[in-house]
Amino acid sequence: MKKMFLLNFSFMGAGYSMSSISASRSGSPDHPPDQAKTGLGDLPESCISYILAYLDPPEICKLAQVNRVFRSASSADFVWQSKLPSNYKCLLEKSLALDEHNSNRTPKKDLYSRLCRPNLFDNGTKEIWLDKSCGSHPQVCVSISSKALRITGIDDRRYWSNIPTEESRFNRVAYLKQIWWLEALGELEFEFPPGSYSLYFRLQLGKTCSGRFGRRVCSTDLVHGWDNKPVRFHLSTSDGQRGLSEYYLHERCSWVHYHVGDFVSHSPKPMKIKFSMIQIDCTHTKGGLCLDSVLICPTKLREKLMKCSL
C-alpha cells in the first residue's frame, strides 16, 4: 500500500506540465511570483529521492525524465543501494574484478547497471547477471557453460564435438554424435542472496546451423535412442538439499530448459552445488543431442523461462 501511494503520488506529479513549473517560478500576469502556486520543481531533492527509493528501477528511470531535480535525485546512492543484491560486492569482485575500495567509489547506479548486463567469470565458462523483472530487488542468475562440465568422452571426436552457434550465451555447445555412456557432471560454489532458486539443463535434440539467407536449419539425422530410457538429472547442495528428476527427451529442434530441482539459500554465504545429467544403458546408443549450459535462476522466473525457450 505504501509503495502504491508513493507511485500514484509520483506519477500525479509527473503529470504537471513544464509550463506550470515555469509559471510557479516566474509568475504570470494573473499570478505574480509571490502568489504563484507551488509546482513539481519546488519539491526538495531529498524528498524526491526518498520517494524514488520505494519504486522499481524502470519507474525510477521514467521519473528521472521529469526535470533536472528528479534526474539528480534519481542518481542518489541510497536509492540504488536498496536495488543491489546483498552479495553485490562478491559479484563485482568475481565478474568485474572490482575490489571493495573501487566498488565503494563507484556510484551505486552504475554498479546496478553493470550487474544487469551479462558478466563472464572463471575464464569465460560462467556468466552472472541480475534479472530486472523481479521487481525492486533484482535476483541473481548464473549460467554455466558445457565447457565447465565434466563430460564423459568429451575429448574423443568419435563421440563429441564442440560446435559454434549464436544460440548460446557462450557461442559454443557440446554436440553428442553417439555414445553408450552419457554422463555430464558439474559443480559451483557461489554466494546466493537469500531466496529460492531453480536449476535447469538447457538441451536440444538436433544440430542447428545457418542456411541460405540466414535461415535457421536444424538437422535431426543423428537423433536416436532417447525414447528407450529417461535421462536422470540430479542436484545436491552443501547444506543437504537435494533434487531429482527424469525426462524422456522428445522435443526436436527447440532449446528446452529441463528442470532438475529447487534449493533455498537461507543466508548470503558461499554454497556448493553439485549437479549431473546421466543416461547409462549399454544396450543401445543415443545421439544427436546439443548440451548448451546449466542455468540457476530465481524460482519465480520459471513461467517466464518456459516462454522464452526457443
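What follows is a walk through the chain, one selection at a time.

**Before you click**

This is a predicted model, where local features need pLDDT of at least 70 and side-chain atom pairs count only at pLDDT 80 or more, while totals for chains, interfaces and linings use all residues. Residues are numbered from 1 along each chain as its sequence is written, and side-chain values use heavy atoms, with hydrogens and water left out.

**The whole chain**

Start with everything selected. The protein chain has 10 helices and 15 strands; here helices (H or I, at least four residues) and strands (E, at least two) are DSSP runs, numbered from the N terminus. Of the 310 residues in the chain, 48% are buried. Buried means under 20% relative accessible area, exposed means over 50%, and partly exposed is in between, with a 1.4 Å probe and protein chains only. Take the contacts (heavy atoms within 4.5 Å) with a separation of 6 or more: residues 24 or more positions apart account for 69% of them.

**Stop 1: two helices crossing**

Select residues 88–95, helix H7, and residues 108–116, helix H9. The two pack at an angle of about 60°, with their axes 11 Å apart. Axes are lines fitted to C-alpha atoms, for helices over the stretch in contact, and angles run from 0 to 180 degrees between N-to-C directions. H7 and H9 are therefore oblique to each other. On that scale, angles under 35 degrees count as roughly parallel, over 145 as roughly antiparallel, 65 to 115 as roughly perpendicular and the rest as oblique.

Which residues of H7 meet H9? Show side chains for Tyr 88, Leu 91 and Leu 92 in H7, which meet Lys 108, Leu 111 and Leu 115 in H9. By class, that contact has five nonpolar residues, no polar ones and one charged. Ala, Val, Leu, Ile, Met, Phe, Trp, Tyr, Cys and Pro count as nonpolar, Asp, Glu, Lys and Arg as charged, and the others, Gly among them, as polar.

**Stop 2: Ser 86**

Now pick Ser 86, in the loop between helix H6 (77–81) and H7. Ser 86 is exposed, with a relative accessible area of 51%. Not counting residues up to four places away in sequence, Ser 86 touches Pro 193, Pro 194 and Pro 268.

**Stop 3: an open sheet**

Colour S4, S7, S14, S11 and S12. These five strands form an open sheet in the order S4-S7-S14-S11-S12, with antiparallel pairing. Strand S4 (150–151) and strand S12 (242–247) stand at the edges, each with a single partner strand, so one side of each is left without a neighbour in the sheet. Two strands pair if DSSP finds at least two bridges between them, and two bridges join S4 to strand S7 (residues 181–191). To find one, select Arg 150: its bridge partner in S7 is Leu 185.

Stay with S12 and click Ser 245, which sits in this strand. Is Ser 245 buried or exposed? Ser 245 is buried, with a relative accessible area of 12%. Its contacts, again leaving out residues up to four places away in sequence, are Val 231, Arg 232, Phe 233, His 259 and Val 260.

**Stop 4: S8 with S13**

Strand S8 (residues 195–205) and S13 pair in the antiparallel sense over nine bridges. Select Ser 198, and you'll find its bridge partner, Asp 262, in S13. Strand S13 (residues 256–265) is mostly covered, with seven of its 10 residues buried.

**Stop 5: positive phi**

Most residues other than glycine have a negative phi. Asn 123, in the loop between strand S1 (119–121) and strand S2 (126–131), has a positive phi near 60°. Asn 123 is exposed, with a relative accessible area of 82%. Next, select Asn 171, in the loop between strand S5 (160–164) and strand S6 (172–176). Its phi is also positive, near 60°, and Asn 171 is partly exposed, at 49% relative accessible area.

Finish at the hairpin of S9 and S10, which has five residues between the strands; there, Phe 213 takes a positive phi near 60°. Strand S9 (residues 207–210) and strand S10 (residues 216–219) pair antiparallel over four bridges, and Lys 207 has Ser 219 in S10 as its bridge partner.
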